Amino acid sequence: MAKFAKVSPKKSEQKTFTSDDITETLNEEGGKAYTLPYKERLATRVMSSLINEKKFYGDNTAALLADIKECGEKDPEFLMKLAAYTRNVMYFRSSPVFVLGHASLINEVKPFVRKWTPRIVQRADEPAEILALIGTYFTEKGEKAVVPNSIKKGLADTLKKFDAYALMKYKGVGKSVNLYDVFNVCHPKPDDQKQADLWKKFMNGELESANTWERNLSAGGKKTEGEKAEIWEETIPVMGYMALLRNLRNFAEANISNEAIDLVVEKLTNEKAVLNSKQFPFRFFSAWRELSKVATGREDRGMYYDGHPPASELARVLKAPDKSNLRKLIGAIEDAFEISIKNVTQLPGTTVIMSDHSGSMTAPISDRSSVTNMDIALVLHSIADKLSKKNAGIIFGERVATVSSEGISAMKFIDEMRKKDVGHSTNAYKAFEALIRSGVSVDRVILLSDMQCYSTEFYFRSSLSVNDSWKKYKKIAPNAYLHTVDLSGYGTSQVAINDHNVALYSGWNTKFLDLIAQVERGIGSLIQDIENYR
């Protein structure tokens, strides 16, 4: 573990910045775009990023670090609120930890670090991640690693909320920094004798290992199918919602009993459990898709499927687990997804939802995930489809196509949209041009995209961009709102966000739907929501 020394404070000069400084620029595709004020730019990066994962257009870590530094110097407490908001409202884990670790090294932010750390750090492995990040920051520069007192005190306060199970589950033995190191560096003071005894037992190695499914499966070496099924059946009653959702394919392939399947279905569709699960909506679709592969024997090939499956698919169909249990699990995911979105706030009037189906959107959000930005867009599209009684859906790429959920479930609607082939380009302006040609005045347009859209000047000398087309449409519907949802955080927007009735959101959950209602009532925005976070 890195050795830590004392910190020497430095002063930074405060600067001013206003949204009036928004200027026209070019995005990663050379299309017309607009700069963002520093708070919006940072928020979109933090709320749409898995740290240390490459995006379609490369790694934006350096840009994120520059934004953290700028925000920390200009509005230090906003930086802490953003991290807490992203962790607790938007349900991201890695990016808030990254922000907190780097923010704790900025002198202007240090007075706010202790207060906000327990709000940001929610899992017992996160304190060690923060210390490792701080150590790496210094050692990569060839300097002696230091931990500011403010983050030591904040992490010491945070350790008080973890019970024996959390301490043992996330002790992190074998990692560069583990939970034992955190106790040794932060020296937390127990609130009472019971907590003191717990910590003493933990540090002395006297606590029993946490009863987790990972431990149970790995104990005793390789398992037969029957042994795996038995372990799953013993563990399912105590598994959390996320663990259940992520292991449905494992349950099916292990051929667990009908009784165990019924218990999984009961837990998955428990309304209180669903609403408290804090899952990204795409997690439901990802689980549904994995089980569909098992049920059909086909690996998913999305909109580029050529209709000629390999011969091995027949073997997979014949070897597939009990179809009745698979149908139960698939039905349970569909029901759980419907429960998770049933409380969408209804808005009056007509909504048009436009989803980006371009090549850049097919990039996975992580090297360890098959989920793409397109999946996220279409899942959110399916949910936004319930926003108002009158709506229309458009998918854009090289071309545009209309989509409708009429007569099918929300989950099947996502799957149908994924199979649409509109080409690889990012001609979002064509979706707006289609709306203009309809001549219909709508109340709002929701644009779900990585915001790296083409302009016609990319190919031709004449210019037609999302912004140009939106201005044309405003002549038909002068009171319409444009709600842009940034799913990748490259730091630009397609329309200047200080324009009338234009709003910017980010993230991979449904929070933007609540904010839409606020924005249209004139009482809020994404940044205001963060600033009001307590």
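Hi everyone, this is a quick look at helix 2 and how it packs against helix 1.

Keep in mind that the model is a predicted one. For the big picture, the protein chain has 25 helices and nine strands. There are 534 residues, and 55% of them count as buried. Also, take the contacts between residues at least 6 apart in sequence: 75% of those join residues at least 24 apart.

Okay, on to helix 2, residues 61-74.

Next, which residues of helix 2 are buried? They're Thr61, Leu64, Asp67, Ile68, Cys71, Gly72, Glu73 and Lys74. And what covers them? Among the things that do are helix 1 (38-46), helix 3 (76-88) and helix 4 (94-103). Here's a handy bit of background: an α-helix has 3.6 residues a turn, so residues three or four places apart point the same way.

Now let's zoom in on helix 1. It packs against helix 2 at an angle of about 135°, and the axes are 10 Å apart. The two helices are therefore oblique to each other, and their crossing is left-handed. On the helix 1 side, the contact is made by Tyr38, Arg41, Leu42, Arg45 and Val46. Helix 2 brings Ala63, Leu64, Asp67, Ile68, Glu70, Cys71 and Lys74. Sort that contact by class and you get seven nonpolar residues, five charged ones and no polar ones.

Note on methods. Residues numbered from 1 in each chain as written. Predicted model: local features only at pLDDT ≥ 70, side-chain atom pairs only at ≥ 80, totals over all residues. Heavy atoms only, no water. Helix = DSSP H or I, 4+ residues; strand = E, 2+ residues; numbered from the N terminus. Expected span 1.5 Å × (residues − 1). Buried < 20%, exposed > 50% of the residue type's maximum accessible area, 1.4 Å probe, protein only. Contact = heavy atoms within 4.5 Å. Axes fitted to C-alpha atoms, helices over the stretch in contact; angles between N-to-C directions. Parallel < 35°, antiparallel > 145°, perpendicular 65-115°, else oblique. Left-handed = near helix turned anticlockwise from the far one by under 90°. Nonpolar A, V, L, I, M, F, W, Y, C, P; charged D, E, K, R; others polar.
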